[in-house]
Amino acid sequence: MTQSLRDTQYGTIFWKDSLGEVLPRAALAGDETVDVAILGGGFSGLWTAYFLLRANPGLSVAIIEKHTCGHGASGRNGGWCSPRYPVLVDELERKFGAEAARATILAQYAIIEDIGRICEEEGIDAHFRQGGLLSVARSARQWAGLQATYATYDRLGLAHDVALIDAAATLAKVRISKVLGGMSTVAGASIHPARLVSGLARAVEARGGRIYEGTAVTAVRPGNLSSGQAAMLETSGGEVTARRAVVMAGEAYLSTVPGWHRQILPMSSMIVATAPLDDATWAAIGWDGYECISSGAYTKDYLTRTRDGRILFGSRGAPYLFGSKMPESALADPALYGPIIKTLREWFPVLTDVPITHAWGGYLGVPRDGLPSVFFDKARGLANIYGYTGRGVATTALAGRALAGLIGDVPAMVPDLPMIRAPGQLWEIEPARWVGVRYIQNAFARIDAADFRDGSIPFDAGLAKTLAPI
């Protein structure tokens, strides 16, 4: 194992590495006035700009990005274009009722089809492949959870898209160790996220949108409709005045913007990538359907088969840092990836001697109530779009189209879904936030460890689940 890890590129993102050299765009150099100014060049900002310009070709739209487009979670995620909403389907039903839950899942299904179609229309080679999802159970608790989830889908009239399958049927799809059963979902695709980001950015610019990279937002000034004062972004390159709306689309990085520190909490997720596997190894594994695979572990397991024949394996990552700090250095520590690599090789023993070429992490945004928010305060000229808790590749497109409808006053683009809501409660102040989040992270790790050790449940499992926003 030591030999196979010697050349691992810790902190190097496979998606961006495989994309090749991308020249950064110019920074903002002077004051500017536009109709809509968007903070953040990730999926939320790009989709919002794309749908705005497609529906309203005359609008002037500018995206302000501190680094380069897709620098954050949009360019470093697990490559899932998933119908899973940030809130589990049973929780959706409990919070908002059966009709809202069903409508949300159907909207998620539809937006995946739309993303595939847009990639074709815009000539975006995002390696979009509709293989569906496969959720596997590797413990009795996980199997019971899958059965309960399937029952919810059935109750909502969505069972036509999902199937509960036994161990033999699961292993016929992919040969994973210690499998008790699974649930397959027809909807869902895998993508190359950096290619999707790059293609979306080009599509936005082709419609007249302007993208400024290397430009930090230092302050946000809400407007005042009654007095005719427009909202504004203060940046390292000048002031950007927005006649119609300033859009806060920074996801986890909003926690670094003055006045937004407690709206969103950054949590890290880590991924490792194998070298391309040979035909014999793939024959031993199976996985011919290219499903996006996950388990019911609280600390998360998610897997993707790439077009060039690698396996990407992701899990939750580094402990939360005091004050919501997000240093890149915290994502490049080899010690963080050891448990992930060990788990990958437990899933697939045939990978024991296969090299791990890349290991990287990223920060995702978690709202205090675990619910995404798409909202436009017209009186203040201020909009927000965030809160995907790691399930944003497809959801950002749905949210971006909805926000474009709100800002552009196109009611047909705004779905009647729970995401159309003002931001929820704020995160606690420090040190309470650090204490609480670290406790939840520790408790979830202990729950998973006990589950696989002997199926027991830690005494405080209920408390941890109650405190956690997701």
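**View 1. R141 reaches across the sequence to D448.** R141 is partly exposed in this predicted model, at 26% relative accessible area. Its partner here is D448, and the salt bridge between R141 and D448 has its closest N and O atoms 3.7 Å apart. R141 sits in helix α6 (residues 140-155) and D448 in helix α12 (residues 432-453), so this contact ties together parts 307 residues apart in sequence.

**View 2. K95 and E91 pair up within one helix.** Here's a local contact: the side chains of K95 and E91 meet in a salt bridge, 3.7 Å from N to O. The two are four residues apart in helix α4 (residues 89-96), so about one helical turn separates them. K95 is partly exposed at 39% relative accessibility, and E91 is partly exposed too, at 26%.

**View 3. D125 and R307 bring two loops together.** This salt bridge joins the side chains of D125 and R307 at 3.7 Å, N to O. D125 belongs to the loop between α5 (98-122) and β5 (133-137), while R307 belongs to the loop between β15 (302-305) and β16 (311-316); the pair links distant parts of the chain, 182 residues apart. With a relative accessible area of 40%, D125 counts as partly exposed. Across the whole structure, a search turns up 27 salt bridges.

**View 4. W260 meets Y386 edge-to-face.** Now for the rings: the structure holds eleven aromatic pairs. One of them is W260 with Y386, an edge-to-face pair at 6.5 Å centre to centre and 85° between the planes. W260 comes from the loop between β12 (238-248) and β13 (265-274) and Y386 from strand β19 (residues 382-386), so the pair ties together parts 126 residues apart in sequence. Both W260 and Y386 are buried.

View 5. W282 is buried at 7% relative accessible area, and W287 is buried at 0%. Both belong to one aromatic cluster, along with F313, W347 and F348. Then there's R305: its charged end sits over the ring of W282, 3.7 Å from the ring centre. That charged end of R305 also sits over the ring of Y290, at 4.3 Å from its centre.

Key:
Residues numbered from 1 in each chain as written. Predicted model: local features only at pLDDT ≥ 70, side-chain atom pairs only at ≥ 80, totals over all residues. Heavy atoms only, no water. Salt bridge = Lys/Arg side-chain N within 4 Å of Asp/Glu carboxyl O. Buried < 20%, exposed > 50% of the residue type's maximum accessible area, 1.4 Å probe, protein only. Phe/Tyr/Trp six-rings, centres within 6.5 Å; stacked < 30°, edge-to-face > 60°. Lys NZ or Arg CZ within 6 Å of the ring centre and 35° of its normal.
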